[in-house]
Amino acid sequence: MAEVIIVRDPIEAGSVAASIFMQQIIANPATVLGLATGSTPLTTYSALAKEVREHSIDVSRVGGFALDEYLGVPPEHPESYRSVIAREVVEPLGLTPEQVFTPRGTGPDIARAGAEYEAMITDAGGIDIQILGIGSNGHVGFNEPGSSLASITRIKALAEQTRRDNARFFGSLEEVPTHCITQGLGTILRARQLVLLAFGSSKAKAVAAALEGPVSSAVPGSVIQQHPRATVIIDEDAAARLAHSEYYRHAWQSAQDLRAVDF
Ligand SMILES: O=P(O)(O)OC[C@H]1O[C@](O)(CO)[C@@H](O)[C@@H]1O
C-alpha cells in the first residue's frame, strides 16, 4: 500500500515531494528522474529547483525521461511536452536539454518510437523516481482507462475527457491532438519509486478509485497499489472521497517530518 500524505495545498505538496526527490538525488547524483507534465507537478518542480539552487546540488549527472508526448506536435511547439519539460524542469533545475528525453511524437517510422524509448530507458539503467499526476478519469501518463497493466511505451488515442481537460493549454478543443505516445503502466511500475500527486475536487473520484478500489485497467492509477515503494501526496479536496481518510490523515505527521529534513 502506498504511503498517503494529505496536505493543505499544492504548494505544501510541492515542498513535500521536492524533499523526497532531493533525498534521492543526494543519495544518487546520477538519479534518473521520471517526469510528468500537466499542472500537477509544477509546484514540485519549482520547489525542487529552489532546493537545488539553495543547496548548490550538482545535477550534472541527473537524467530524465518524460512520461508522454502528443503525437504530431513538433518538439518546438510551445505545448509539446518537450517544450513544457524544457520550461518547467530543464531550465529551472539547471539541466542541459541533452540530459532529458521525451518520447518522439513526430518523424519517420513513428510506430517504432515506443520501442526506441523503452530501449533508451533500459540503457539509462531504468527510472529511479517517477512523479505522476492523475487525470480526472483515472489516467496516469496518457494511459487511459482500458490500458493494459503490463503495457509499455506506445501510441494511444486520447480520451475525449482528457482532450477536454487539456484544451486549456491549446487555443480550442479542436487543436488538442487526438493521439499521444506514452510510457505504459508496465513501464511506470518498473520505476524504482513512485510519487503521485493530485489536487482539487475534480480528482477526488479518481483518487478514491485508484487508492481504495480494485486494481483494474478501468482505473489506470490503481497500479500504484501494486508498487512496493509509492507515496501519494494529495490535498484535502482530492482526498474528500476516500473512505479511510482518518487513517490517511494520520499520515499528515509524515509530511511534517519530511519538511523537517535537513540537507
Ligand atoms: O496535472 P493535470 O494537468 O491535472 O493532468 C493530469 C495528468 O495528466 C497528464 O497530463 C497526462 O500526461 C499527466 O502528466 C498529468 O499529471
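Leaving aside neighbours within four places in sequence, S222 is in contact (heavy atoms within 4.5 Å) with A209, A210, P214, V215 and S216. The model is a predicted one, in which local features need pLDDT of at least 70 and side-chain atom pairs count only at pLDDT 80 or more, while totals for chains, interfaces and linings use all residues. Residues are numbered from 1 along each chain as its sequence is written, and side-chain values use heavy atoms, with hydrogens and water left out.

S222 lies in the loop between helix 7 (204–212) and strand 10 (230–235). Because its relative accessibility is 0%, S222 counts as buried (under 20% relative accessible area, with a 1.4 Å probe and protein chains only). Two backbone atoms lie at the distances below from a polar atom of the S222 side chain.

| Backbone atom | Distance to a polar atom of the S222 side chain |
|---|---|
| Nitrogen of S216 | 2.9 Å |
| Oxygen of V219 | 2.6 Å |

Elsewhere, the axes of helix 2 (residues 42–54) and helix 3 (residues 81–93), lines fitted to C-alpha atoms over the stretch in contact, come within 9 Å and cross at roughly 10 degrees, which means that helix 2 is roughly parallel to helix 3 (angles under 35 degrees). Residues of helix 2, including L42, Y45 and L48, meet E88, V89, P92 and L93 in helix 3.

Three strands form an open antiparallel sheet in the order 4-8-7, where strand 4 (68–70) and strand 7 (154–157) stand at the edges, so one side of each is left without a neighbour in the sheet. Strand 4 pairs with strand 8 (residues 179–182) over three bridges, and E69 stands opposite I181 in strand 8.

Note on methods. Axes fitted to C-alpha atoms, helices over the stretch in contact; angles between N-to-C directions. Helix = DSSP H or I, 4+ residues; strand = E, 2+ residues; numbered from the N terminus. Parallel < 35°, antiparallel > 145°, perpendicular 65-115°, else oblique. Pairing = 2+ DSSP bridges. Buried < 20%, exposed > 50% of the residue type's maximum accessible area, 1.4 Å probe, protein only. Polar contact = N/O pair within 3.5 Å; in protein donor to acceptor, adjacent residues only side chain to side chain.
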